[in-house]
Every structure is written in structure tokens, then in C-alpha cells.
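Subject: Structure for your files

Hello,

Here is the structure I said I would pass on.

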Amino acid sequence: MLSDKMRYHRQLSTKQRILRCFVHFISWIISLGTTIGCCLGIHSFSIINFQIIYKDPTEEEMQKQAATLLLPIVVAIINLFIPLFFSFLGVMERFKYARHEIYILIIRNVLLKMSVVGVLCYYWLVTVASTVE
């Protein structure tokens with residue numbers, strides 16, 4: 001809060017405000033597109049991985065166990081690098097207040113995490129649970 005009070009407040013022209021809103025809009029489109037792309041990638045990877053593990057009887061047991069660990073590794077990599085990309089988007093947006101950047105970053109990260117958990121739950125309940133029965 002202290003840095004917000006000490007920050008220089010400048011008046012933006014109408015053209016600058018419109019440009020700033022456009023940059024924020026494009027950043028949201030990019031972040032939501034990235035989140036949707038990650039979810040679609042995780043879903044398609046999980047389906048392909050499931051087919052490799054359970055549908056191919058010629059696979060050795062060690063290869064099946066190794067393939068089982070690939071999905072958590074992919075999810076961990078996404079959860080590691082995509083928030084860094086969101087931080088880069090926040091820097092590019094140049095918010096007026098630092099707390100706004102933090103709030104937006106938290107919202108984008110929560111949307112990413114909830115979407116990934118939702119895709120994994122859907123995969124587990126629809127694909128894996130229906131095959132086990």
C-alpha cells in the first residue's frame with residue numbers, strides 16, 4: 001500500500017486509456033486461450049496415455065508403470081511454467097497499482113489450477129472409472 005501511495009500518478013489521455021484497455025483485453029484473451037489449450041492438451045494426452053497403458057497387452061509392466069507417471073509430470077510442468085507466462089503478461093500490461101497486478105495474477109492462476117483439476121477429475125470419472133467397472 002505504501003508503494004501505491006508513493007507511486008507517481010499521471011493522467012492518461014483518452015487514447016492512452018483505450019489502448020490500455022485493449023492491452024488488458026488481449027492479455028485476458030491470451031491467458032484464457034492458454035488455459036483452454038493446456039486443458040485440451042492434458043485431456044488428449046491423458047486419453048492417449050490411457051490407451052497405451054491399458055489397451056496394449058504387449059507392453060511390459062515397467063513400461064506401463066513409467067507411462068502412468070507421465071501425466072503427473074506433464075501437469076507439474078504446466079503448473080510450473082504457465083504461471084511464469086502469466087507473470088510476464090502482467091508485466092506487459094503495466095497496471096497502475098501493484099496490487100491489481102497481484103490480484104489479476106492470482107485470478108489467472110486459480111482459473112488455470114481449477115481447470116486442470118476439473119479436466120483430471122473428468123478424465124478419472126469418465127475414462128478410468130468406466131473402464132474399471
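The notes below go from the overall fold to single residues.

This is a predicted model, in which local features need pLDDT of at least 70 and side-chain atom pairs count only at pLDDT 80 or more, while totals for chains, interfaces and linings use all residues. Residues are numbered from 1 along each chain as its sequence is written, and side-chain values use heavy atoms, with hydrogens and water left out.

Overall fold

The protein has five helices and zero strands, where helices (H or I, at least four residues) and strands (E, at least two) are DSSP runs numbered from the N terminus. Of its 133 residues, 25% are buried; buried means under 20% relative accessible area, exposed over 50%, and partly exposed in between (1.4 Å probe, protein chains only). Of the contacts (heavy atoms within 4.5 Å) between residues at least 6 apart in sequence, 77% join residues at least 24 apart.

UniProt record

The unreviewed UniProt entry lists residues 21-54, 66-90 and 102-125 under "transmembrane region". UniProt positions are in the numbering used here, feature names are shortened, and annotations may be inferred rather than shown by experiment. In the model, residues 66-90 are 96% helix and 0% strand, with end C-alpha atoms 37 Å apart. Residues 102-125 are 100% helix and 0% strand, and there the end C-alpha atoms are 34 Å apart.

Core

A nonpolar core is a set of buried Ala, Val, Leu, Ile, Met, Phe, Trp, Tyr and Cys residues joined through side-chain atoms within 4.5 Å. The largest one has 15 residues, of which I42, I82 and L112 touch the most other members. Two or more residues come from each of α2 (14-55), α4 (70-93) and α5 (98-132), and α4 gives the most, six. Beyond its neighbours within four places in sequence, L112 contacts T35, C38, I78, N79, I82, P83 and F86.

Single residues

S27 lies in helix α2 and is buried, at 6% relative accessibility. Leaving out residues up to four places away in sequence, S27 touches L89, E93 and R108.

C38 is also buried, with a relative accessible area of 11%, whereas C121 is partly exposed at 40%. The whole structure has zero disulfides (pairs of cysteine sulfur atoms within 2.5 Å). For C38, the closest cysteine sulfur is that of C39, 6.9 Å away and so too far for a bond.

Regards
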